[in-house]
Amino acid sequence: MKLLGKIKTYSSKEIKNSFVSVGFECVDRDLINPQECYDALRDSGIKYARCQTGWAKCEKEKGVYDFTWLDDMVDNLCDMGIEPWFNVGFGNPLYMKEVPNPTAVGCVPTLYGEEATEAWISFVKEVAKRYIGKVRDYEIWNEPNLLHFWYPGKPSGEEYARLIKITGKAIREVNPHARIGGCTCSDNITEYFTFADDMTKNLTESDIDFFSLHLYTKHPDEENSYQRIKYIKTIFLKNGLTNVVFRQGEAGYPNCFPVPLEKHTLIPKSGQTSHRQCATWMLRRYFIDKSLDMEISSYFILADPIEKPYQKVSEIMNDPPRYGLLEGKTYKINPAYYVLKRISTVLEDTVPSELYISLRTNIDELKFTQKILHTYTKNGSPIYAYYIPTYVADEKDFDYKLTLEISNYETDKPIKNPVYIDMMNGDVFEIDEIDNVRDHISKFKNLPIKDYPVVVCDKSLIDIE
């Protein structure tokens, strides 16, 4: 294949329609300096940013609100063509006695009595009123099914539904056009599904518009990950919530573990992670989420939250795992940032499709090897993606060449000038070995395969530099 150049990427303002989001979390606890992030955000191509509203940072004196820091974030994002969406969560020590951390992370106002609940309602109304026309989506609380974000007490789907109902009602009293959402983190599966069932039994369709799944897994393509997503949707349908749309609201893969964390769910068998592993994981996650027709897919996190020690309810992490697109403190750009730029560009305006795709090979060892295949359309033209889902930590490089077989009957605009895009480094190649069979089947021969999604599409769908 002939190397044509690199795929050209675009800024967030230049990209019009994309489902790519990034987590701009932890600014509420001063763990990230947002001023150091804006230049990278502007050029990233993302269209959404998940922001936390920080009650304890906004109200340090009872009844007196200071939204200066949040105004700065929202206004900068909107100016860049990025839509902020709010995670409304965490408590305030002003109204909660003996909280286990200084910003009341994970401390639930409805579990602290009437004064705390009323103060919470007043706060969310102020937030909703202030950002009318700038913020549409309000996700209520963060990972309420986990102990370190639900204090005091044991996580309860019923109690979480109550929090969604009273908070959503308060927001909509001020902004009737606001969309209300919830979220969970897929941790212990049995408890996770029970929690979701209890929650949805206590909600109606008027209470909730979207639901965020926090899909932290070692491999996005694990079979049980797909089944988990399908089953959570089934629970919603069973309990009458038929109009709720789903998004991947927070997930990532660390590029570095500064200190051993034996119980961390994402530690690979080698005990080590890397920037390549992080980028491989990211590519798989976004292409899968697009195939699952997720409304939004959000990567955790924009920058490593290490300006101060990271605190949950009672746990303090002085040296947490590094997920950031930007390094903490230095704000140096990491390799995954450039991969996300390419994802934002390639998946702009795409929709998942059920197109015919087959990978052919004469290599015996590959004939029965699992291969993940994704198909989409963009402006009526097909996009194909494929990879071998090896263990992410193995960082596999393959010498295999395969034949991609597709049908030209299924789209309005069949591929006329096929190109191959390496999503990891951005290289674009002209596909020059083509066999057209009876005018409706095309075979693109001698294509490389990777352990991360690579893309075949018509040259007209991208720009090359």
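1. Helices here are DSSP runs of H or I with at least four residues, strands are runs of E with at least two, and both are numbered from the N terminus. This is a predicted model, in which local features need pLDDT of at least 70 and side-chain atom pairs count only at pLDDT 80 or more, while totals for chains, interfaces and linings use all residues. Residues are numbered from 1 along each chain as its sequence is written, and side-chain values use heavy atoms, with hydrogens and water left out.

2. V346 counts as buried because its relative accessibility is 4%; buried means under 20% relative accessible area, exposed over 50%, and partly exposed in between, with a 1.4 Å probe and protein chains only. Leaving aside neighbours within four places in sequence, V346 is in contact with I7, K378, I383, M423 and V455, where contact means heavy atoms within 4.5 Å.

3. Axes are lines fitted to C-alpha atoms, for helices over the stretch in contact, and angles run from 0 to 180 degrees between N-to-C directions. On the helix 8 side, H275, C278, A279, M282, L283 and Y286 meet P335, A336, V339, L340 and I343 of helix 9. The residues of this contact divide into 10 nonpolar, one polar and no charged. In that count, Ala, Val, Leu, Ile, Met, Phe, Trp, Tyr, Cys and Pro are nonpolar, Asp, Glu, Lys and Arg are charged, and the others, Gly among them, are polar.

4. Next, the sheet that helix 8 lies across. Helix 8 (residues 275–291) lies across strand 12, strand 14, strand 15 and strand 21 (454–458), running at about 60° to strand 14. An open sheet of seven strands has the order 1-18-17-21-15-14-12, with antiparallel pairing; two strands pair if DSSP finds at least two bridges between them. Strand 1 (2–6) and strand 12 (350–352) are the edge strands, each pairing on one side only. Within the sheet, strand 14 (residues 372–378) and strand 15 (residues 381–387) are antiparallel and share seven bridges, and I372 has Y387 in strand 15 as its bridge partner.

5. Strand 3 is worth a look too. Five of the five residues of strand 3 (residues 48–52) are buried, so the strand is largely enclosed by the rest of the structure. Y48, R50 and Q52 point one way, and A49 and C51 the other way. Strand 3 runs parallel to strand 2 (residues 20–23), joined by three bridges, and parallel to strand 4 (residues 83–88), joined by five bridges. V22 has A49 as its bridge partner, and Y48 stands opposite E83 in strand 4.

6. G157, E158, Y160, A161 and I164 in helix 5 meet F195, D198 and M199 in helix 6. The residues of this contact divide into five nonpolar, one polar and two charged.
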